[in-house]
Structures are given as structure tokens and as C-alpha cells.
Amino acid sequence: MKGLVIKDIMCLKKQLTTFAFVIAGVVIISILYVLSSRFGNLATVGEALLDENNNMSQVDVKNLGSMALVMFMLIPIVSLGDMLNVFVADGKAGFFKVSASLPVSMKKRMLSRFLTIFVLCGIGAAVDLALALVLCTLTDIMSFGSFLGIIISSASILGIYSAIMILFCVLLGYGREQYAQLFSLLTIILFFVIVKFRTIKYVFVHIIIEEQGFESGVFWKPLDYFREKGYVFLTAMLIVSVLSYFLSLYIAERKRGVI
């Protein structure tokens, strides 16, 4: 099973090369960003926003900076953890034609694919953690605890997406990986809309239709939840991964020749 995990990671060899360049770029840009927000042009822009806009507070300006920093932090994890390429590579190589002859049960073959998710998310999270330690010494935009919460939340969301995508890839079969990716994204979006329906309704009615502007606390609530409730996303990832594993295993055993 260890060999299967290594095989899956090797399928992402080109992606890993890109990941190395992405890390270098993100580290440089993030450091330049926090230095500029503290001493340079971004700091001047923040002060100008406070002077020119009476509706914007110091918290709003700080949260805007945090949002931009969050985007930087997401890049390493997102660039690494795309399981779609594993299924595409297996399909091109015809691995599913010989996998049944391996002295590894279907349960272990399926488990190895889900373990790959945790390995990739772990690598991305470790890189972001190292970056967070550096950034914490350069900026007071976010504390290390907030950085840690964002890293856990980001890695967990990617894990949820990957687990659902594995399920759809197994269900649809080789050659339909793009549809599996689309259905996975739609599933996550639909679930988010159902869970956060009241917040989305408020934003749509209060801001878009009635044009009453936004309340600062409500507008930044998703960001606060994202950096303070990482354990919720982590728990959700574990639950989704377990459910997806058993459903994928059930489908694979019935269909045969899909993994």
C-alpha cells in the first residue's frame, strides 16, 4: 500500500515541480506584501482609506489586508492537492487493467488513494506553517493562531474536495475526470449554500436588492469563522473522507476495474 501512495505522488511529478516554483514565488511576494503593508505603499493606502471613507474602520482595513494574505496562503495548498491528475495518469497508463492482479486488496488500493490526500494536504500545510512563522515576525496583521486556523481550514477544505472527487471519479469511471471535478465543486457549493443560507440571503437582500450597504461584523464573519473554526473544517474533512471511502469502495467492488 505504501508503494501505491508513492505511485500516486509520482503521478503528480510535474505538479510537484510547479509546486516548488509556486512556493518560491509565494514566499517572496508574501514577504514583500507584509513589508509594504507595514512600511510602504500599502500602509499609505490603508491610511488614505481611513481618511477618505467614514464607513471604514481600522478593523475593516486590517481585515482587507488579512484577506489578501489568506489568498497567498491558499496558493501552496491548492497548487499541490489536485487528485484529478492521479486518475488521469492512471487512465492513460491503463493501470486499472493490471491493478486487480496486484497482491493488494481493493480496500487497500482505495485506502492508499485517500492516504495520498492526507499526505499532499500535510505537505501543503507544512509549507504554509513555515511561511506563517516567518510572516508572524514581520507583521501584526494576523497572529500565529489565526494563521494556523486558516492553514487547517484550507487544508481541510481541499481534503473534502479531493475526497468527494475520488468518489465521483470512481462512480463515473476513467475518461470522465473533468465531470467528476465539476460535480465535486457543485456539491461543495450546494452544501455551503444550504448551511449558510441565512447569511447568503442577508447579503443578497440587504446589500444587493435594498442597497443598504453592509454591516462590518456580518461582512467579515466568514473570515473570522475561517481562521477561528479550523477544527470544524478538520472534523468535517474526516467525516467526509470516511463516508467517501466506504461509498467509493462499495462502488468499486461492484463495478470492478475502476481503480
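In this predicted model, helices α6 and α7 pack with their axes 9 Å apart and at an angle of about 160 degrees. An angle over 145 degrees counts as roughly antiparallel, so α6 is roughly antiparallel to α7. The crossing of α6 past α7 is right-handed. On the α6 side, the contact is made by Met-110, Arg-113, Phe-114, Ile-117, Cys-121, Ala-125, Asp-128, Leu-129, Ala-132, Leu-133, Leu-135 and Cys-136. On the α7 side, the residues in contact are Phe-144, Phe-147, Leu-148, Ile-151, Ala-155, Leu-158, Gly-159, Ser-162, Ala-163, Ile-166 and Val-170. By class, these residues divide into 19 nonpolar, 2 polar and 2 charged.

Helix α6, residues 106–136, also packs against helix α1, residues 2–10. Here the angle is about 55 degrees and the axes are 9 Å apart. That angle makes α1 oblique to α6. The crossing of α1 and α6 is right-handed. From α1, the contact draws on Leu-4, Val-5, Lys-7, Asp-8 and Ile-9. From α6, Arg-109, Ser-112, Arg-113, Leu-115, Thr-116 and Val-119 take part. This contact of α1 with α6 has 5 nonpolar, 2 polar and 4 charged residues. Arg-113 of α6 is listed in the contact with α1 and is listed in the contact with α7.

| Helix pair | Angle between axes | Distance between axes |
|---|---|---|
| α6 and α7 | about 160 degrees | 9 Å |
| α1 and α6 | about 55 degrees | 9 Å |

The largest nonpolar core has 46 residues, and Leu-69 and Met-110 are those with the most contacts inside it. Met-110 is also one of the α6 residues in the contact with α7. At least two residues of this core come from each of α2 (13–39), α4 (58–80), α5 (84–93), α6, α7 (144–172) and α12. Helix α7 gives the most to the core, with 15 residues. In soluble globular proteins, nonpolar side chains tend to be buried together.

Ser-244 lies in helix α12, which spans residues 230–255. Is Ser-244 buried or exposed? Its relative accessibility is 3%, so Ser-244 counts as buried. With neighbours within four places in sequence left aside, Ser-244 is in contact with Phe-114, Ala-163, Ile-164 and Leu-167. Among these, Phe-114 of α6 and Ala-163 of α7 also belong to the contact between those two helices.

Phe-183 is found in helix α8, residues 177–195. Its relative accessible area is 33%, so Phe-183 is partly exposed. Apart from neighbours within four places in sequence, Phe-183 is in contact with Phe-168 and Leu-172. The C-alpha atoms of Phe-183 and Met-165 are separated by 7.8 Å, and the two residues are 18 apart along the chain.

For the protein as a whole, there are 12 helices and 0 strands. Along the sequence, the pattern is α-α-α-α-α-α-α-α-α-α-α-α. Of the 259 residues, 40% count as buried. Among contacts between residues at least 6 apart in sequence, 79% join residues at least 24 apart.

Technical notes. Residues numbered from 1 in each chain as written. Predicted model: local features only at pLDDT ≥ 70, side-chain atom pairs only at ≥ 80, totals over all residues. Heavy atoms only, no water. Axes fitted to C-alpha atoms, helices over the stretch in contact; angles between N-to-C directions. Helix = DSSP H or I, 4+ residues; strand = E, 2+ residues; numbered from the N terminus. Parallel < 35°, antiparallel > 145°, perpendicular 65-115°, else oblique. Left-handed = near helix turned anticlockwise from the far one by under 90°. Contact = heavy atoms within 4.5 Å. Nonpolar A, V, L, I, M, F, W, Y, C, P; charged D, E, K, R; others polar. Buried < 20%, exposed > 50% of the residue type's maximum accessible area, 1.4 Å probe, protein only. Core = buried A, V, L, I, M, F, W, Y, C linked by side-chain atoms within 4.5 Å.
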